[in-house]
Amino acid sequence: MRNIPFYQAVNEALHQEMERDGAIFIMGSDIVFGGRAGMTSGLAERFGRERVIDTPINEEIFVGMGIGAAEVGTRPIIELVHSTLPLIAGIDFLRMGVWEWVSGAKIPLVVRVRTGEEVGPELSTSLASFLSSLRGVQVAAPSTPYQIKGILASALRGDKPVVVLENSGLFVEKSDVPHPPYMYPFGKGEYIFSGNDVSIISYSVVTKTVRIAHEELVRKGIGVDVLDLVSLRPLDENKILQTARKTKKILILSDESLSVAGLPYKIYYLIKEKIPEAKIHMLGAKEIPVPLGPLREVILPETQEIVKGCMDLIKYK
Amino acid sequence: MALINFRTCFRLVTGALSDADKKATLKIYKNLVLSRLFEEKIISLAQEGRIKKHWIFSGLGQEGGQASIVSVMKTDDWLIPSLRSYTSLIGKGYPLKLIAAEIFGKKDGASKGLGAPFTLHSEKYGLARRSDVVGVDCETAVGIALGLKQRKKSGIVVNFFGEGAATRGTVWSSLNISALWKLPVFWVCENNQYAVTTHISSLTVEPFFKKAESFGILSKKVNGNDPLEVYFQAKGMFEYIRRERKPAFLDLVTYRLMGHDLFYVTDQGYQNPKEMKKWRKRDPLRTLERQLLFAGIVNSEKAKKIKTAAISEIEQVILWAEKQEDITREELLKTSFL
């Protein structure tokens, strides 16, 4: 088993899947020269410019084009390079989810969205809740190279429209990744750590911070169950309820501000409905637009906030 | 614009119509007769309250161009149908009874009773769903053409959209990419001069075909109410698209004689009565009929037979469609998905 970074896992998945299935093609801004963090490097050389397509800056039509291309038997991968670009194509994100229902055509369309970039509030704001509220669209926000490689394989072998959120803060993070292709299914969360005192439910780049917070909590002698959601739609309801039943003290984390985001509330309700006695705290992004530059990390739940969140929960009897 | 333009007259007078052209024009005529009578029937049924779906956009008097263009299409070409009339669907070979069943909201209808007849996908007939959202079908069209290119298929894509849609940025983004990537799309702007109640003079300074031309797209303007002229123009442009694998744009100038739709914006106070009278005289079906009679492609007896056959087909189809089962509440609930 090799230990490889996130961006390389993406690149490997794209190479292997495009090799496997000639119906797959990829389009987006600047992908021929290698794309962001080299995720698409080598694809144009291997598969040619017909299947690896640089586009003009027209995100407003890419997903609609993907719908059309999928209707005639191809499997388009569309790359959007900023978190908020789905809004410029908002109606197409809605359309891709209902297109099969309304027309009968299968739409195996994969939209990869780079999130968490350091480019200010207009481009870098997380849309996890918006995207996971779209009917008929599967959404994944993996946090490890192992997860992303398997999620992309699942997406490219399924017949549903899919959005994969790839957070810049994770691009150089490493994990063990098998070289042969494998699938990581949608709707499946992953336990990162196991413990009996308190549960943390998290996804994407926030899980990276959770790993650091976890070390500190372990030093304090606290057992933490950490569930990484991986799939935001469908949610792994079984694992969410399983960890909630185990500790009955749950900290739900999000990369969106809680005043606007629906996803943490959905998880909250899911737990409360089945386990009314559960104590739940939520921690999201601060109520400040995302600043330009490295200070953006301050916006997301920080290590000490996560530690404190768990300590507060543990006080409940 | 003349009732019949010079070129068309010349073709008729000199008999410069090949057998294939004669066959094609007869097909166009039959389609126009059938779709005209069918639409008139649907409108009267809607006015009687026998149709519950509020999604009928009349194309009476502007359907000539559709019939001509679709007649040039092959089976493996893909059509994104027009919003107005059923002419383009009928012309692509889609069964009239399934169109009727959809209008009545029956579960065996084109869109299973859940949409409009033009919101289906059918590989068999080369039909792609027309979106409910104006101006985004061009994205689908570019995507289909790109997909066909990827799959090394020879088909081309025909996308009908109105001049109202043509002010959307998505349309021009799509046109640009079609030119840039050499995609075989026939862009047809059915320019009926009114975007709901707004006249084209309030939409754009330059005519749309000029804008399309500026993207490097072969672009023409045609009298959309002269089916023969549209046929010859479309035939030439189809040959160009097939040969060059590049897009082409046709500004089909026509006129909307009915209100925007049959239920919500029916009033026509914004249209000048003189203007309407002028365009009524340019009815494409009557124009074509006169042309075909003149060229001896049909005689009055044959024309009558075609109409009688159409009337009887429509009667049967409506009778059948009305008897089909409605999609029920329970069936709708069963369609629930992720």
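This is a predicted model: local features need pLDDT of at least 70, side-chain atom pairs count only at pLDDT 80 or more; totals for chains, interfaces and linings use all residues.
Figure 1. Across the interface of chain A and chain B, one salt bridge is found by the rule. On the side of chain A that touches chain B, the elements giving two or more residues are strand S2 (24-28), strand S3 (52-54), helix H3 (59-71) and helix H5 (90-103) of chain A. H5(A) provides the largest share of that side, with nine residues. Divided by residue class, the side of chain A that touches chain B holds 17 nonpolar, 12 polar and nine charged residues.

**Figure 2. The contact between chain A and chain B.** Chain A gives 38 residues to the contact and chain B gives 35 residues. Between them the two chains bury about 2900 Å², and 67% of this area is on carbon and sulfur atoms. Within chain A, the residues that lose the most area to chain B are Met65(A), Val72(A) and Trp101(A), which together make up 23% of what that side buries. The polar part of the interface includes eight residue pairs in polar contact, with both residues of each pair at pLDDT 80 or more.

Figure 3. In soluble globular proteins, nonpolar side chains tend to be buried together. The largest nonpolar core of this model has 82 residues, and the members that touch the most other members are Phe93(A), Ile271(A), Trp187(B) and Phe249(B). Another core, of 70 residues, lies apart from it and includes Ala24(B), Ile69(B), Val188(B) and Val317(B).

Figure 4. Ser231(A) lies in strand S12 (residues 231-233) of chain A, and because its relative accessibility is 0%, the residue counts as buried. A polar atom of the Ser231(A) side chain lies 2.9 Å from the backbone nitrogen of Gly187(A), while the side chain of Ser231(A) also reaches the backbone oxygen of Pro234(A) at 2.6 Å. When neighbours within four places in sequence are left aside, the residues in contact with Ser231(A) are Val139(A), Ala140(A), Phe186(A), Gly187(A) and Lys188(A).

**Figure 5. Salt bridges within chain A.** Over all chains, the structure holds 38 salt bridges. One of them joins Lys308(A) to Asp312(A), with 3.0 Å between the closest N and O atoms. Because Lys308(A) and Asp312(A) are four residues apart in helix H13 (residues 303-314) of chain A, about one helical turn separates them. Asp312(A) is partly exposed, at a relative accessible area of 22%. Elsewhere in chain A, a network of salt bridges links Glu100(A), Lys106(A), Asp159(A) and Lys160(A).

Figure 6. The side chains of Arg50(B) and Glu322(B) meet in a salt bridge with an N to O distance of 2.6 Å. Arg50(B) is in the loop between helix H2 (19-47) and helix H3 (64-71) of chain B, whereas Glu322(B) is in helix H12 (residues 300-323) of chain B, so this pair ties together parts that are 272 residues apart in sequence. Both partners are partly exposed, Arg50(B) at 36% relative accessibility and Glu322(B) with a relative accessible area of 29%. In the second pair, Glu289(B) forms a salt bridge with Lys307(B), the closest N and O atoms lying 3.0 Å apart. Glu289(B) belongs to helix H11 (residues 284-295) and Lys307(B) to helix H12 of chain B, and the pair links distant parts of the chain, 18 residues apart. Here Glu289(B) is buried, with a relative accessible area of 18%, whereas Lys307(B) is partly exposed, at 31%.

How values were computed. Residues are numbered from 1 along each chain as its sequence is written. Chains are lettered from A and ligands numbered from 1 in the order in which they are written. Side-chain values use heavy atoms; hydrogens and water are left out. Contact means heavy atoms within 4.5 Å. Buried area is the accessible area (1.4 Å probe) that two parts lose on being put together, summed over both. A salt bridge is a side-chain nitrogen of Lys or Arg within 4 Å of a carboxyl oxygen of Asp or Glu. A polar contact is a pair of N or O atoms within 3.5 Å; within protein, one must be able to donate a hydrogen and the other to accept it, and residues adjacent in sequence count only if both atoms are side-chain atoms. Ala, Val, Leu, Ile, Met, Phe, Trp, Tyr, Cys and Pro count as nonpolar, Asp, Glu, Lys and Arg as charged, and the others, Gly among them, as polar. A nonpolar core is a set of buried Ala, Val, Leu, Ile, Met, Phe, Trp, Tyr and Cys residues joined through side-chain atoms within 4.5 Å. Buried means under 20% relative accessible area, exposed over 50%, partly exposed in between (1.4 Å probe, protein chains only).
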